[in-house]
Every structure is written in structure tokens, then in C-alpha cells.
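Please read it alongside the sequence and the model.

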Amino acid sequence: MPIYFLNFYFNLRSRIHVGCHTVLLTLLLGACGGCSSSSSGPADVTNLSVPVAAFTNSAALSVNGGPSGNQVNRLYTTVTVCIPGSSTQCTELDHILVDTGSVGLRVLASELNVPLPRALSNGGQSLINCVQFIDNTYAWGPVATADVRWGGKVASNIPIQVIADPAVSASGSTCRTGATPILDTSTAGAKGILGVGLFKEDCGTGCATVAGNGFYFACASATCSSVTGTRVPLIQQIKHPVPFFGTDSNGIVIDLPAVSIGGANRVDGTVTFGIGTQSNNQTGTVRTLTTDAAGNISAIFAGRTLSKSFIDSGSNGNYFDAGGLPLCTLTNNFYCPLEPTTLSAILAGTNGTSVTIPFAVTDSLQTNAAIRPGLAGPIGNARAFDFGLPFFLGRRVFFGIEESATPLGTGPFYAF
């Protein structure tokens, strides 16, 4: 299951995305009720939280079972999408997945109740976006413009993606042959995906110069019965909303409480906009790890240096290749050690700063908890370590956005 199939000649950015095995885990648990007659269940605490300060530059986060109630290690928030310039023609959307491994807001067409204006290609037809995720799913749909409200902030008139819009009849197989399309909340595990990674656009200069970029397509007719690849200038590309807030726009901070290894049913946290701009986003004592141009850092693990590693809240577990951990009997997508196993990795930035990160791996099929700190599995990439949602539990994690100045330096970087 290679993770970098998008990482071709100009290094398109969306090569790290929504959890490697989330859908498989959901289906497995739904089919066998937890996959164990001796399920330990969640820990005795079912709701943990960190305080949500009364600031306009913050919004609530929650890890819970999602729209269906059976999602695992999924980080959600609520956003409001409005027709540009309107304060009444809006849709409030809960259970939007917060994904630090991608860029831009992508909303299921079935969840929208306002007619957002569509973006047009140079030929005057609908502009279509494709994004490919590492769990072998993809999102396909037109680019629209919207005012996006998140917490007390608004990003005005920015491009977003409308997933699975029935008005677009062209086959999504153009996006990725053999993959599973995201069509509804059951295939997405959410009502949409909010990509708040390290970059301002979902593709960047590559898509502005190369027509066959794999991200953007132009409809060949009004009915969009066929499409062709197209160049798209930066201004039309799907945007990270935070850099387009008027203030507090140089990064984000994610705070989630710690969870015991037994898990929990729900935890609540906050996302704070800006780094060093207000009293609630001061840096304190943290280590800053700058990334390469693709958003990667190195992880030194099991005697190997994995130079294509990253921190991704959209992945529901920690994913890495470790020959010494046994795979689960029911699925080879996860590790199932007989006892909880504590490991560690050294994370290193391009600036030479390094931090040792301990983490646990457990047989996470032996519980019905919605939050499972020990969930882990193989990644199928000898150069990558995906630090997913478990990494965030009990940590304050800063994400510095590209070209944005902060007290910790200029992004892109991670800090914690």
C-alpha cells in the first residue's frame, strides 16, 4: 500500500492524507462487534476535555464515534459554509474531519443546502478537483467558492471542493482507477474534510504550470460528460482557510487531553488559530522541527532513518513498518501484540532539532472504545512513519504554515 504514489516529478503536496486504514477498521468492527468476546471496553472515563478559552481565535474539537457512531480515532470540528458575502445563506456542518495531512475544505454535496457558486476553467466550464487518499479512496467534485466560518474566524470567498456533486457526470475514475470514491458519510466517516496542513494550497506551483497534474480538470461540456487535465493558478486552487483569516493566520495549535491506554469514548479539545499572536497561542518551551518542501521530517526508528515522515491528524493510528510486531489475525492492516508494547522514535527536522517520542502499540481490536491510543499498523513504505491521531493525545502541537512568520520561525514546521 504505497503512500507516495502522488509524489511524482514536481512533488504534489497531497501525498499525506486521511487515515490509512480507517475504513477497513470501521467495516471490521461493524461486522464483528469489536472482534473479541472478551472485549475490555473503554476506560472508566468516557469524556475528557481541555478547556475552550473564550477567544475568537479558537474552535472546539472532539474525537468521537462520528456520524455513524462507529468511527475510531477521528478528530472532528464544526464549520459553517456560506454563499460569499451572505450571513444567512449558510450550512452549519458538524463532524468535519480535521486533517493536518491535507489542505482545503471538502464537503459532501449531500450535506450542503446552499447553492455555492462554481469556479470555472479558462474554457468557461466547471473546474473539477481530485484528491487521492492513502486508504485507497478519492474525493471527486467541482470547485466552488464560499465564505468558511470556523470558530470566531472567517475565510472569505475561498475555493473549496464539493464532493460527489451529482451535476458532475464525468467518471471519477479519471481521478484514480481502481480506488473507492467518497460518496457519503458512510464512505467518508465524516460530512467533509478540513485540510489544515502546512501549505496554503492543495497543490501549489506544479498545478499552475502542468496541465496533467492529476489534481485539476476542466469539463469538456456543460454536462461534464468528459474532462481534461488543466493548469490552475494559485488563486483558484483549494485553500487552507487559516492563512485567509484577517488575523491569527500564521498557523494553528491543536490541544487534546491525554487518554489512558484503555481508551475512552470521547475526548474534547481545541484548535487555536495563530502562533504567538494572542495570549492563548503563546509557544512556551517547545521543540521546533522544520520540514522539507513537501512537509516531511525524519523519524529514526528501529535503526533506520525514515526521511518521508509526517504528523497527520487525519490518520487514525500510527503507521510504520516494524517486522517485530505481529499482525492481527483478522486483518493484516493492524498490529496486534499479545501485550501492550512501548516503542520510541526520534523525530528530526531539517533544522537539526530532534525529539524522542515514546508511543505504545496495543491490540486495538480488543476494545470498543472510540479513542484507542495504541492503534498502529504497517504503512508499506520503507521511508515513512505516519504519526497519526494517537500522537496528538496529551500534546500541544503547533503547525507553522509555509512562508508565514512566527515566534518559532517561518513555516513550514511542526512544534510540540
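Phe301 counts as buried because its relative accessibility is 6%, where buried means under 20% relative accessible area, exposed over 50% and partly exposed in between, with a 1.4 Å probe and protein chains only. The model is a predicted one, in which local features need pLDDT of at least 70 and side-chain atom pairs count only at pLDDT 80 or more, while totals for chains, interfaces and linings use all residues. Residues are numbered from 1 along each chain as its sequence is written, and side-chain values use heavy atoms, with hydrogens and water left out.

A search of the whole structure gives 16 aromatic pairs. Rings of Phe, Tyr and Trp (its six-membered ring) pair if their centres lie within 6.5 Å; planes under 30 degrees apart count as stacked, over 60 as edge-to-face and the rest as tilted. Phe301 and Phe385 are edge-to-face, because their ring centres are 5.5 Å apart and their planes stand at 85°. This pair links distant parts of the chain: Phe301 is in strand β16 (residues 297-301) and Phe385 is in the loop between β21 (376-377) and β22 (386-387), 84 residues apart. Helices (H or I, at least four residues) and strands (E, at least two) are DSSP runs, numbered from the N terminus. Phe385 also forms a stacked pair with Phe387, with 4.0 Å between the centres and 10° between the planes.

| Pair | Centre to centre | Angle of planes | Class |
|---|---|---|---|
| Phe301 and Phe385 | 5.5 Å | 85° | edge-to-face |
| Phe385 and Phe387 | 4.0 Å | 10° | stacked |

Phe385 is buried at 0% relative accessibility, and Phe387 is buried at 1%. Ring pairs join these residues into a cluster with others, including Phe320, Tyr335, Phe391 and Tyr414. Arg395 lies over the face of Phe391, 4.4 Å from the ring centre; a charge sits over a ring if NZ of Lys or CZ of Arg is within 6 Å of the ring centre and within 35 degrees of the ring normal.

Asn73 is placed in the loop between β2 (58-63) and β3 (75-82). With a relative accessible area of 1%, Asn73 is buried. A polar atom of the Asn73 side chain lies 2.7 Å from the backbone nitrogen of Arg372. Leaving aside residues up to four places away in sequence, Asn73 touches several residues, among them Val63, Asn316, Ile371, Arg372 and Leu389; contact means heavy atoms within 4.5 Å.

Strand β6 (residues 127-132) is largely enclosed by the rest of the structure, because six of its six residues are buried. Leu127, Asn129 and Val131 point one way from β6, and Ile128, Cys130 and Gln132 point the other way. Two strands pair if DSSP finds at least two bridges between them. β6 pairs with strand β11 (residues 216-219) in the antiparallel sense over three bridges, and Ile128 stands opposite Phe217 in β11. β6 is also antiparallel to strand β7 (residues 137-150), over five bridges, with Asn129 opposite Gly141 in β7. β6 and β7 form a hairpin with four residues between them, and Asn136 in the turn has a positive phi of about 70°.

The protein chain has four helices and 26 strands. Of its 416 residues, 60% count as buried. Among contacts in the protein chain with a separation of 6 or more, 71% are between residues 24 or more positions apart.

Technical notes: A polar contact is a pair of N or O atoms within 3.5 Å; within protein, one must be able to donate a hydrogen and the other to accept it, and residues adjacent in sequence count only if both atoms are side-chain atoms.
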